[in-house]
Amino acid sequence: MIKHLFKKSGIYLSGLIGGKILQVVAFILFARVLGPSHFGQYLFFVTVSQLVTAISDFGLVQWYQKEFHHENAKDLISRMVQSRLFTLIISLVLVIPILWISHSLSENILVLLILVLIPEAFLSVFDGYYFARHESLKVSTKIMIRMSILIIGGFLLSWNITQITAIQLYSFSAYAAVILYIPWRQLQQFKLGSLERIKQ
């Protein structure tokens, strides 16, 4: 039991360290190309998207892991996705007007923020699905996929990138990762439920 636990934890930790190393490399490269001012705005965009995502998850990852052994798997995923769509809409309604009024982000970047929050929502909440199935490697490689796309994208563009280009690459990495990350078979019978069920 302990040996199995250490093996799973080791795999997850290795993937996590690999992802963080790639993240540091990507951030250093982007910082050198963009310069302090534009990189600061890029970093602000990334921070806002991650912060809104973390708050909007609303404990759904932990809830899924808790309920995993007590409910039908496909029904549980359906409920989780419905709830996450609900919290996504609420977060957009609350956050976007604040950023718009405060002029923290330009209109173009604000649109990109709305677009990136959609895949971010599902990239985060499906962590519970994989953790419950002891597929921690899948979770840890998520960030590796995204950072690899950023670095490869930079090289393909010969690092001739602007603040907007960097944010577009970040957004693209989220959509590419979500295509590979979400267990689409489990969502074949997905149907939107009532608001009362989501609230429950």
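**Notebook: buried and exposed residues**

I looked up E120 to start: E120 is buried, at 7% relative accessible area (buried is under 20%, exposed over 50%, partly exposed in between, with a 1.4 Å probe and protein chains only). I was working on a predicted model, where local features need pLDDT of at least 70, side-chain atom pairs count only at pLDDT 80 or more, and totals for chains, interfaces and linings use all residues. Residues are numbered from 1 along each chain as its sequence is written, and side-chain values use heavy atoms, with hydrogens and water left out.

I placed E120 in helix α4 (helices are DSSP runs of H or I, at least four residues, numbered from the N terminus). Beyond its neighbours within four places in sequence, E120 is in contact with S49, T53, R146 and Y170 (contact is heavy atoms within 4.5 Å).

Of its 51 residues, F30, Y42, F45, Y64, L113, F122 and F126 touch the most other members. Helix α4 gives the most to this core, with ten residues. I then listed what F122 touches, not counting residues up to four places away in sequence: V81, L85, V178, Y181 and I182.

Last, I went to α2, residues 60-67. Its buried residues are L60, V61, Y64 and E67. They lie on the same side of α2, because they cover an arc of only 140° around the axis (taken from the directions from the helix axis to the C-beta atoms). I found Q62 and K66 exposed on the other side of α2.

Definitions and conventions
Helix = DSSP H or I, 4+ residues; strand = E, 2+ residues; numbered from the N terminus. Core = buried A, V, L, I, M, F, W, Y, C linked by side-chain atoms within 4.5 Å.
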